[in-house]
Amino acid sequence: MASLTGGSDRRGQLIIVAAIGLAVLLVAMAFTLNTAVFANIHTAQTDTGVQEERGVVHYQHSIERAMGEVLVSINTATEYDTLESDLEDGVAIWHRSARSEYLRDGVATKVALTDVRYETTVIQNETRTFTTRDGSDSNWTVVETVPEVREFVVELSGEDLAETNSCEGNDGCAGIEITDGNGDIWQLAAYDDGGVTVTVESPTGTTTDFTADSPVEIDVSNGTIDDGTTVQEFTPFSDEMDAPYTVRYTNPDNASGTYTLTVDGKIVDDTIEADDRYTVDGSPRIEADVASADLEVGYRSPALTYETGIQIRRGEGDD
Amino acid sequence: MTDRDVFATDRGVSAIVSYALVLGIVALLTTALFVGFAPFVTNQQHDSVHATLEVLGNDIAGDVDSVDRLASYAGNDATIDLRTNLPDRAGGATYTIEFNNETDPDRSSRYDYVIELRSTDPDTLARVSVRTDRPIQVEPRVLDGGTIAIAFAADENELEVRHV
């Protein structure tokens with residue numbers, strides 16, 4: 001302890017102690033003031049939400065683009081099962097590639113196929129009777145209980161038409177019969193009455209006759225009859241009926257021409273090749289496509305967990 | 001006659017007076033620092049805590065916005081959980097977070113909330129607005145600082161904010 005009566009060279013100890021006290025005080029004040037700056041810097045760095053949001057949107061958009069292209073590329077297959085397995089392979093390959101890329105940034109990703117929806121087109125593009133592939137003259141069901149008929153256009157030739165307006169018996173007029181989920185029936189009959197005569201009978205029993213020159217294009221789905229000079233209209237069956245729809249040809253050997261029928265869903269139980277109604281390369285043939293696919297998407301980073309289901313349509317994401 | 005030492009440093013000043021002077025100056029300086037700077041430091045701390053709470057509030061609002069947008073983007077089948085890492089203290093003080101629903105259905109079909117961040121020492125309140133497409137549920141009603149989770153589940157179609 002410094003002596004109050006000591007020499008002047010020892011009084012410095014007290015001055016040093018006082019100086020240290022002041023220094024500590026100043027440092028404490030500096031710390032207090034610095035808290036503000038530190039806190040602001042800390043909080044300004046916490047903008048992870050926007051970064052994570054951007055990462056998820058980018059990832060999902062990549063899936064939509066890639067899978068849209070995959071749907072286009074696999075739709076050259078001729079059988080439903082091949083289409084689905086090709087799609088599963090495409091999704092799995094893309095998933096493996098994307099997962100390794102994202103893992104480098106500490107993000108775990110997932111994409112998996114959960115459901116597939118088909119679109120089927122029945123095509124007869126060479127002029128022949130409306131029979132099955134083996135030419136059987138009996139009535140036959142083209143598609144059964146399909147959820148949607150997207151397009152049904154018949155190009156009817158006047159050559160093989162029956163010359164009677166009665167559709168009874170094997171020599172009767174050819175027709176198209178559409179039955180809906182309530183059992184209501186919409187009918188179209190075609191016969192030769194000096195020209196091509198088409199009779200449309202709605203489920204309510206209303207009958208309308210149209211006469212046209214051969215060949216006649218009948219757009220069943222949109223309700224028009226066009227012989228190249230005149231377009232006549234009738235009420236489309238879908239305006240008066242409810243899905244699902246079953247489409248049948250009656251007396252199919254008493255009319256000839258071409259047609260295209262596009263519906264949603266898969267229309268054969270087994271393979272197309274095994275179904276004796278259609279072929280895969282002649283007439284009438286089936287062209288099966290994957291119209292859309294459901295995918296399960298997952299994205300997990302340290303800050304964000306994101307899971308959703310998305311639907312990809314063919315060609316979606318093309319820019 | 002004796003010669004006097006004209007260069008002596010303690011001429012006319014006793015050691016006691018010298019010590020008293022040193023202590024007095026130190027005491028004066030310390031007092032001046034406290035008196036002069038204490039309000040300044042207090043104000044600075046208050047302002048800094050308020051500014052920090054505002055930044056934190058904007059951070060929460062931004063993350064709520066992000067989850068809300070992602071929920072709209074993801075559609076009807078989504079599950080989202082975003083963690084927001086906030087400090088336990090702002091400027092050395094603890095704080096609480098509260099969401100107040102100020103939605104006026106007559107003015108907008110969207111939901112308006114005010115996020116209130118409150119610190120008791122110093123006593124300050126920061127308010128930040130956020131507008132969402134879906135309602136926000138906060139459990140418990142008043143949250144402490146620290147990591148919070150902002151979640152969305154499609155079956156309830158609402159945002160849930162909770163402490164983690």
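What percentage of the contacts in chain B between residues at least 6 apart in sequence join residues at least 24 apart?

1. The model is a predicted one. In answer to the question above, 56% of the contacts in chain B between residues at least 6 apart in sequence link residues at least 24 apart.

2. Chain B contains 1 helix and 9 strands, and their order along the sequence is α-β-β-β-β-β-β-β-β-β. With a radius of gyration of 29 Å, well over the 15 Å given by the globule rule for 164 residues, chain B is more spread out than a compact globule. The C-alpha trace of chain B extends over about 110 × 30 × 25 Å along its principal axes.

3. Of the 164 residues in chain B, 39% are buried. The accessible surface of chain B amounts to about 9,200 Å², and carbon and sulfur atoms account for 51% of that area.

4. As regards charge, chain B carries 13 positive and 27 negative side chains. The centres of these two sets are 4 Å apart.

5. Is Thr124(B) buried or exposed? Its relative accessible area is 5%, so Thr124(B) is buried.

6. The side chain of Thr124(B) forms a polar contact of 2.8 Å with the side chain of His50(B). Leaving aside residues up to four places away in sequence, Thr124(B) touches several others, among them His46(B), Val49(B), His50(B) and Leu53(B). Leu117(B), Arg118(B) and Ser119(B) are also touched by Thr124(B).

Methods. Residues are numbered from 1 along each chain as its sequence is written. Chains are lettered from A and ligands numbered from 1 in the order in which they are written. This is a predicted model: local features need pLDDT of at least 70, side-chain atom pairs count only at pLDDT 80 or more; totals for chains, interfaces and linings use all residues. Side-chain values use heavy atoms; hydrogens and water are left out. Helices (H or I, at least four residues) and strands (E, at least two) are DSSP runs, numbered from the N terminus. The radius of gyration is taken over C-alpha atoms; the globule rule is 2.2 Å times the number of residues to the power 0.38. Buried means under 20% relative accessible area, exposed over 50%, partly exposed in between (1.4 Å probe, protein chains only). Contact means heavy atoms within 4.5 Å. Accessible areas come from the Shrake-Rupley method with a 1.4 Å probe; for residues, only the protein chains shown count as cover. Lys and Arg count as positive and Asp and Glu as negative; His and the chain ends are not counted. The place of a charge is taken as NZ of Lys, CZ of Arg, CG of Asp or CD of Glu. A polar contact is a pair of N or O atoms within 3.5 Å; within protein, one must be able to donate a hydrogen and the other to accept it, and residues adjacent in sequence count only if both atoms are side-chain atoms.
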